[in-house]
Amino acid sequence: ANLGTETFFSFSSLIFERMQAWGQLPETGPYFIALAQEAGLATEGVAECLASREHMEHIRDSALYAVSELGLQGTPSVFVDGFQVSAWNQAASFTELIALIDARSTSP
């Protein structure tokens, strides 16, 4: 199986590109496994791992922390130098935030 950064981003891009296809599914596991296969990832044991729900408590706690403590409302949430980018899909948001960070670091 093809592993590494390129494959991770290929898989995560597929998830976001196809959100309409899986967003309303009552169970997303089988769909995500098919996407992982499409991205070139090995999927042996993934269905069993999902069914065991071994990591569900940690995932739930992380999501609760992200919402209650960090104020995140969804994914992706992008940060630059500790500041959240308001509109992650618009280049102007990054440019504006970087300019503000630069101005802060150069001010007396």
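This is a predicted model: local features need pLDDT of at least 70, side-chain atom pairs count only at pLDDT 80 or more; totals for chains, interfaces and linings use all residues.
Q: Good to know. And which residues of H6 are buried?
A: Those are Ser 93, Leu 97 and Ile 101. Looking down the axis of H6, these buried residues fall within an arc of 65°, so they line one face of the helix.

Q: What do the buried residues of H6 pack against?
A: Two strands: S1 (79-80) and S2 (83-84).

Q: How many residues does H6 have, and what is its reach?
A: H6 covers residues 91-106, which is 16 residues. From first C-alpha to last it reaches 23 Å, close to the 22 Å expected at 1.5 Å a residue.

Q: Nice. Let me zoom out: what does the whole chain contain?
A: There are six helices and two strands. Going from the N terminus, the order of elements is α-α-α-α-α-β-β-α.

Q: Is the chain a compact globule or more spread out?
A: More spread out. The radius of gyration is 18 Å, well over the 13 Å that the globule rule gives for 108 residues, so the chain is more spread out than a compact globule. Along the principal axes, its C-alpha atoms fill a box of roughly 55 × 30 × 25 Å.

Q: What share of the residues counts as buried?
A: Of the 108 residues, 18% do. As for the accessible surface, the chain has about 8,300 Å², with 58% of that belonging to carbon and sulfur atoms.

Q: And what about contacts along the sequence?
A: Take the contacts between residues at least 6 apart in sequence: 28% of them join residues at least 24 apart.

Q: Okay, over to H1. Which residues are buried there?
A: Thr 7, Phe 11, Ser 12, Leu 14 and Ile 15 are buried in H1. Down the axis of H1 they fall within an arc of 155°, so they line one face of that helix.

Q: What sits on the face turned away from the buried side of H1?
A: That face carries the exposed residues Thr 5, Glu 6 and Glu 17.

Q: Which helices do the buried residues of H1 pack against?
A: They pack against helix H2 (19-22) and helix H3 (29-38). H1 itself spans residues 5-17 and reaches 18 Å between its first and last C-alpha, close to the 18 Å expected.

Q: How many aromatic pairs does the count come to?
A: One aromatic pair. Trp 22 and Phe 32 form it, in an edge-to-face arrangement with 5.0 Å centre to centre and 75° between the planes. Trp 22 belongs to helix H2 and Phe 32 to helix H3, so the pair ties together parts that are 10 residues apart in sequence.

Q: Trp 22 and Phe 32: buried or partly exposed?
A: Trp 22 is buried, at a relative accessible area of 17%, while Phe 32 is partly exposed at 22%. The cut-off for buried is under 20%.

Q: Last topic: where is Ala 39?
A: Ala 39 is in the loop between H3 and helix H4 (46-52). Ala 39 is buried, with a relative accessible area of 11%.

Q: What does Ala 39 touch?
A: Leaving aside residues up to four places away in sequence, Ala 39 touches Thr 7, Ser 10, Phe 11 and Leu 14.

Q: And how is Ala 39 placed relative to Glu 96?
A: Their C-alpha atoms are separated by 34 Å, and the two residues are 57 residues apart along the chain.

Notes:
Residues are numbered from 1 along each chain as its sequence is written. Side-chain values use heavy atoms; hydrogens and water are left out. Helices (H or I, at least four residues) and strands (E, at least two) are DSSP runs, numbered from the N terminus. The expected span of a helix is 1.5 Å times one less than its number of residues. Buried means under 20% relative accessible area, exposed over 50%, partly exposed in between (1.4 Å probe, protein chains only). The arc is that of the directions from the helix axis to the C-beta atoms. Contact means heavy atoms within 4.5 Å. Rings of Phe, Tyr and Trp (its six-membered ring) pair if their centres lie within 6.5 Å; planes under 30 degrees apart count as stacked, over 60 as edge-to-face and the rest as tilted. The radius of gyration is taken over C-alpha atoms; the globule rule is 2.2 Å times the number of residues to the power 0.38. Accessible areas come from the Shrake-Rupley method with a 1.4 Å probe; for residues, only the protein chains shown count as cover.
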